[in-house]
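Let's take a walk through a protein model together. Have a look at the sequence and the fold first, then read on.

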Amino acid sequence: MAVSSSISIGLMISLMFGSIMVASASNLYQDFDVTWGDGRGKIFNNGDLLTLSLDKASGSGFQSKHEYLFGKIDMQIKLVPGNSAGTVTAYYLSSQGPTHDEIDFEFLGNLSGDPYTLHTNVFSQGKGEREQQFHLWFDPTADFHTYSILWNPQRIIFSVDGTPIREFKNAESIGVPYPKNQPMRIYSSLWNADDWATRGGLVKTDWTQAPFTASYRNYKAEASNNGAWLTEELDSTSQGRLKWVQKNYMIYNYCTDIKRYPQGLPKECSMY
């Protein structure tokens with residue numbers, strides 16, 4: 001499908017789903033529903049702040065009221081402080097069903113003083129296994145930081161505080177499915193995953209530290225039909241920053257894992 005057709009379909013479906021909008025921090029009540037956790041997810045300060053908490057009985061989560069087909073999504077998040085080993089804070093876009101599309105940030109907790117692992121993945125038509133993992137160049141528990149997803153018909157860009165950390169390009173020309181037809185909601189959850197999250201499950205959640213809490217604010221979604229994001233790409237400066245992050249802070253890249261793919265790396269890896 002030509003890019004122009006993708007854009008036209010995207011705008012049409014965006015209109016259908018009411019996502020031609022710009023949302024801001026004052027709209028957390030209007031833009032999100034706390035969907036599970038039996039009171040562990042809360043919205044405060046006239047809709048300026050949302051928190052999720054986890055204890056031994058349950059985690060919690062929320063989702064957006066709107067669906068998006070392409071867009072630029074920003075959220076400021078302050079992660080669980082202290083000994084967060086075993087916990088996962090997930091923040092992602094997803095459609096539903098066995099052939100769903102998904103664009104993931106997952107923050108894997110760790111022992112006090114050890115760095116979080118930022119796990120990213122992209123699913124198209126139900127297939128993921130496109131993991132890249134990073135450490136961050138700051139303490140993500142000390143203050144709020146902005147985590148962004150740019151999703152347009154040509155590429156998906158993951159950014160942290162405006163610095164790109166990953167680009168996933170549309171590789172349909174070489175037979176790789178790309179998320180372009182399924183509107184997605186924003187989801188976030190805080191949950192216990194101590195069977196795998198920290199050192200492969202060797203470090204368990206210390207429930208004496210519960211409740212664990214992650215905080216959210218300053219949500220912004222751009223999905224207008226004339227936004228610059230619709231054709232946005234990385235300029236030379238941004239490409240340089242992306243290379244800096246990947247050289248210094250990337251700890252896993254599926255596109256270099258020849259042991260995992262002895263018969264050959266996934267086709268899209270040839271584009272990077």
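How many of the seven residues of S9 are buried? Seven of the seven are, so strand S9 is largely enclosed by the rest of the structure. "Buried" here means under 20% relative accessible area, while exposed is over 50% and partly exposed lies in between (1.4 Å probe, protein chains only).

Before going further, a word on what you're looking at. This is a predicted model, where local features need pLDDT of at least 70 and side-chain atom pairs count only at pLDDT 80 or more, while totals for chains, interfaces and linings use all residues. Residues are numbered from 1 along each chain as its sequence is written, and side-chain values use heavy atoms, with hydrogens and water left out.

Back to S9, which covers residues 117-123. In a regular strand the side chains alternate between the two faces of the sheet. In S9, Thr117, His119, Asn121 and Phe123 point one way, Leu118, Thr120 and Val122 point the other way, and all are buried. On one side, strand S8 (residues 102-108) is joined to S9 by seven bridges, and the two run antiparallel; Phe107 has Leu118 as its bridge partner there. S9 also runs antiparallel to S10, with three bridges joining them, and His119 stands opposite Gln133 in S10.

Now zoom out to the sheet. Strands of a sheet pair through backbone hydrogen bonds, either parallel or antiparallel. Here, eight strands make an open sheet in the order S2-S5-S14-S7-S8-S9-S10-S16, with antiparallel pairing. (Two strands pair if DSSP finds at least two bridges between them.) At the edges sit S2 (32-36) and S16 (250-253), each of which pairs on one side only. From one strand to the next, the twist averages 15 degrees; the axes behind it are lines fitted to C-alpha atoms, with angles running from 0 to 180 degrees between N-to-C directions. Elsewhere in the sheet, S7 (residues 87-94) and S14 (residues 185-192) pair in the antiparallel sense over eight bridges, and Thr89 has Leu190 in S14 as its bridge partner.

The protein chain as a whole has three helices and 16 strands. These are DSSP runs, numbered from the N terminus: helices (H or I) take at least four residues and strands (E) at least two. Of the 272 residues, 56% count as buried.

What else links parts of the chain? A search of the whole structure finds nine salt bridges, each a side-chain nitrogen of Lys or Arg within 4 Å of a carboxyl oxygen of Asp or Glu. One of them joins Glu232 and Lys72 (3.5 Å, N to O). Glu232 lies in the loop between strand S15 and helix H3 and Lys72 in strand S6, so this pair ties together parts that are 160 residues apart in sequence. Glu232 counts as partly exposed, at 28% relative accessibility, and so does Lys72, at 24%.

Another salt bridge links Glu268 and Arg130 (3.0 Å, N to O). Glu268 is in the segment after S16 and Arg130 in the loop between S9 and S10, so parts 138 residues apart in sequence are tied together. Are these two residues buried or exposed? Both Glu268 and Arg130 are buried.

A further pair is Glu172 and Lys180 (2.8 Å, N to O). Glu172 is partly exposed at 29%, whereas Lys180 is buried at 11%. Finally, salt bridges that share partners join Arg155, Glu167 and Glu233 into one network.
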